[in-house]
Amino acid sequence: MTSGHIAVTAGRRRACGQLALTLAVLAAAGWLVRRHWPVLETGALRLAVADQGWLLVAAAAASATWACSALAQQGAVLRPLPPRHLVAAQFAASAAGQLLPAGLGSGAVNLRFLMRCGLSAGRAATALAVKATTGGLVRAVLIVVLATACPGVLVLPRLPAVWPGLAVAAVTLVLLLGTALWPHCRRALALVLTDLRAVHAHPHRAAALWGGSLGFAVLHALVLIAVTRAVALPLAPTLVALLYLAASCAAALLPTPAGIGSLDAALALALTAGGAPAVTAASAVLGYRLLTVWLPLLPGLLVLALLVRRKAL
């Protein structure tokens, strides 16, 4: 077989692989839409009579979250990353995160993107850990600040007598596992701390990391605030932001694809506990999910396929 035939065969195989990937992406999107169609339909009907101005504010805030995510990711890496591909990768990662729980999909996309940009697998994973650690710290600080501004909102519930025993057993198990895994955890933690120090040696990188992480959390809260305004939910913006941050942190303990189910329930429960009528709270959650998950889903998966096709991932 000549080299020309080999090249043609290889080209056909690549084309078939790209076509199969695109079809798989579209099939995944169709499956998700079909499975959750009642949610989409109900949310669309409720939002059709909502205040369109506030919905535009919510949509703009949701769109800006990807730019903030890209800014934070650039801040976690010392070398410059291609800006357009970086933002596109965050958009694609948000869609991939809908398919796998606990951020596995988005993490895999970002890891692959950073490796394509020249980072080793270890450095790319550490950069993602730096970004995640910073994001967690930012959310914790925001919760403390907002809880101080809204006293009495976050109250620990009374637990049955069996819970202390279960808590002791859980702590004991964590300590046993931690003792066995501590050497590996210590090395990983040392790498994260080393990269954090390296990032903070460059003030513009540190500003991008912390500013992007803060903007990402604040804009997601702003999406929910704007949606509550659109559906005439009478809750103060600071209270809605606090309830969102608390609910999103609670939902992270029960990882599902995109938080589907866990985040919806946590948000609805938090808004209802904050004084919102159950029907209006459900409408606000549906609006938030439509703008942050369902409407960007298909475009995000198409961008993901396009980035793979162009070998940016």
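**Helix packing and side-chain pairs**

Visitor: At roughly what angle do the axes of helix 8 (residues 203–230) and helix 9 (residues 237–251) cross?
Guide: The axes of helix 8 and helix 9 come within 9 Å, where axes are lines fitted to C-alpha atoms, for helices over the stretch in contact, with angles running from 0 to 180 degrees between N-to-C directions. This is a predicted model, in which local features need pLDDT of at least 70 and side-chain atom pairs count only at pLDDT 80 or more, while totals for chains, interfaces and linings use all residues. Residues are numbered from 1 along each chain as its sequence is written, and side-chain values use heavy atoms, with hydrogens and water left out. For helix 8 and helix 9, the crossing is at roughly 125°.

Visitor: Which word describes how helix 8 and helix 9 lie to each other?
Guide: Angles under 35 degrees count as roughly parallel, over 145 as roughly antiparallel, 65 to 115 as roughly perpendicular, and the rest as oblique. With the axes crossing at roughly 125°, helix 8 and helix 9 are therefore oblique.

Visitor: Which residues of helix 9 make the contact with helix 8?
Guide: Contact means heavy atoms within 4.5 Å. On the side of helix 8, the residues are Ala217, His220, Ala221, Leu224, Ile225, Thr228 and Arg229. Their partners in helix 9 are Pro237, Val240, Ala241, Tyr244 and Leu245.

Visitor: Which residues does alanine 221 contact, leaving aside its neighbours within four places in sequence?
Guide: Alanine 221 lies in helix 8 and, at 5% relative accessibility, counts as buried, a class defined as under 20% relative accessible area, with exposed over 50% and partly exposed in between (1.4 Å probe, protein chains only). Its C-alpha atom is separated by 8.9 Å from that of proline 237, 16 residues apart along the chain. With the neighbours within four places set aside, alanine 221 is in contact with Ala241 and Tyr244.

Visitor: What is the phi of alanine 232, in the loop between helix 8 and helix 9?
Guide: Most residues other than glycine have a negative phi. Alanine 232 is exposed, with a relative accessible area of 61%. Its phi is a positive value in a residue other than glycine, near 60°.

Visitor: How is the pair of tryptophan 66 and phenylalanine 91 arranged?
Guide: The structure holds 2 aromatic pairs, counted when rings of Phe, Tyr and Trp (its six-membered ring) have centres within 6.5 Å, with planes under 30 degrees apart taken as stacked, over 60 as edge-to-face and the rest as tilted. Tryptophan 66 lies in helix 3 (residues 52–75) and phenylalanine 91 in helix 4 (residues 83–96), so this pair ties together parts that are 25 residues apart in sequence. The ring centres are 4.6 Å apart and the planes at 65°, so the pair is edge-to-face.

Visitor: Which aspartate meets arginine 289 in a salt bridge?
Guide: The structure holds 1 salt bridge, meaning a side-chain nitrogen of Lys or Arg within 4 Å of a carboxyl oxygen of Asp or Glu. Arginine 289 is buried, with a relative accessible area of 4%, and lies in helix 11 (residues 278–309). At 3.2 Å, N to O, its partner is aspartate 264.

Visitor: How many helices does the protein chain have?
Guide: Helices (H or I, at least four residues) and strands (E, at least two) are DSSP runs, numbered from the N terminus. The protein chain has 0 strands, and its helices come to 11.
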